[in-house]
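Let's take a walk through this fold together, starting with the ground rules and then moving from the overall layout to a few spots worth a second look.

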Amino acid sequence: MANERKRKDLFEQWVESGEVDNNLAIIQSLSMQGKSMAEIADVFEISRRTLQNLQKEHPAIEKAIRSGRLSVVAMCQNKLMERVSSGDTTAIIYALKVYGGDFFNDRKSVEAKITGTPVSVQPQVQIYLPEKDSEVGEYGEKKEK
């Protein structure tokens, strides 16, 4: 009995059959589409728990899921930055709250460095938009039409 090898898990079966790369690509693609772990597991006719166990046991599965999710995040960040660049005020405010740290987050208080006491600070941000009759140059100078 000591020589008996444990039964191969699904990932090891994929490796043995040469299907591992294809199945990892499927997992990444489903993850990129925003599918839940249960939905991904359903495609392979396994339970969500089995997929989670496989993910813990085999880093390649974890990497496929993570890279799929990260590609969605990157796409959203790119779209957000496009909107910021086009002057969309809502996108600018959101980007400042997300990337600007505590100073731009109106739901957090900033801790005073001297006393260590939380102090509520409302940041004041002024956004200057060009007038409709003029254009703004590369360095913010006004150009008349």
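Helices here are DSSP runs of H or I with at least four residues, strands are E runs of at least two, and both are numbered from the N terminus. Keep in mind that this is a predicted model. With that numbering, S36 sits in the loop between helix 2 and helix 3. At a relative accessibility of 31%, S36 counts as partly exposed. Its C-alpha lies 9.1 Å from that of R48, a residue 12 positions away in sequence.

Now zoom out. The protein chain has 6 helices and 4 strands, and the order from the N terminus on is α-α-α-α-α-α-β-β-β-β. Of its 145 residues, 21% count as buried. The accessible surface of the chain comes to about 11500 Å², with 52% of that belonging to carbon and sulfur atoms. As for contacts with a separation of 6 or more, 34% of them involve residues 24 or more positions apart.

D9 caps its N-terminal end, placing a side-chain oxygen 3.1 Å from the backbone nitrogen of F11. After helix 1 comes G18, with a positive phi near 80°. Helix 2 takes up residues 20-32, and its axis comes within 7 Å of the axis of helix 1, the two crossing at roughly 130°. Angles over 145 degrees would count as roughly antiparallel and 65 to 115 as roughly perpendicular, so helix 1 and helix 2 are oblique to each other. Which residues meet where these helices touch? On the helix 1 side they are F11, W14 and V15, and on the helix 2 side V20, N23, L24 and I27. The spacing on each side makes sense if you recall that an α-helix has 3.6 residues a turn, so residues three or four places apart point the same way.

The model has 2 aromatic pairs. In one of them, the rings of W14 and F44 are tilted, with 5.0 Å from centre to centre and 45° between the planes. Why does this pair deserve attention? Ring pairs link F11, W14 and F44 into a cluster.

For context, most residues other than glycine have a negative phi.

Finally, move along to D88, in the loop between helix 5 (59-85) and helix 6 (89-99). D88 is buried, with a relative accessible area of 17%.

Terms used
Residues are numbered from 1 along each chain as its sequence is written. This is a predicted model: local features need pLDDT of at least 70, side-chain atom pairs count only at pLDDT 80 or more; totals for chains, interfaces and linings use all residues. Side-chain values use heavy atoms; hydrogens and water are left out. Rings of Phe, Tyr and Trp (its six-membered ring) pair if their centres lie within 6.5 Å; planes under 30 degrees apart count as stacked, over 60 as edge-to-face and the rest as tilted. Buried means under 20% relative accessible area, exposed over 50%, partly exposed in between (1.4 Å probe, protein chains only). Contact means heavy atoms within 4.5 Å. Accessible areas come from the Shrake-Rupley method with a 1.4 Å probe; for residues, only the protein chains shown count as cover. Axes are lines fitted to C-alpha atoms, for helices over the stretch in contact, and angles run from 0 to 180 degrees between N-to-C directions. Angles under 35 degrees count as roughly parallel, over 145 as roughly antiparallel, 65 to 115 as roughly perpendicular and the rest as oblique. A polar contact is a pair of N or O atoms within 3.5 Å; within protein, one must be able to donate a hydrogen and the other to accept it, and residues adjacent in sequence count only if both atoms are side-chain atoms.
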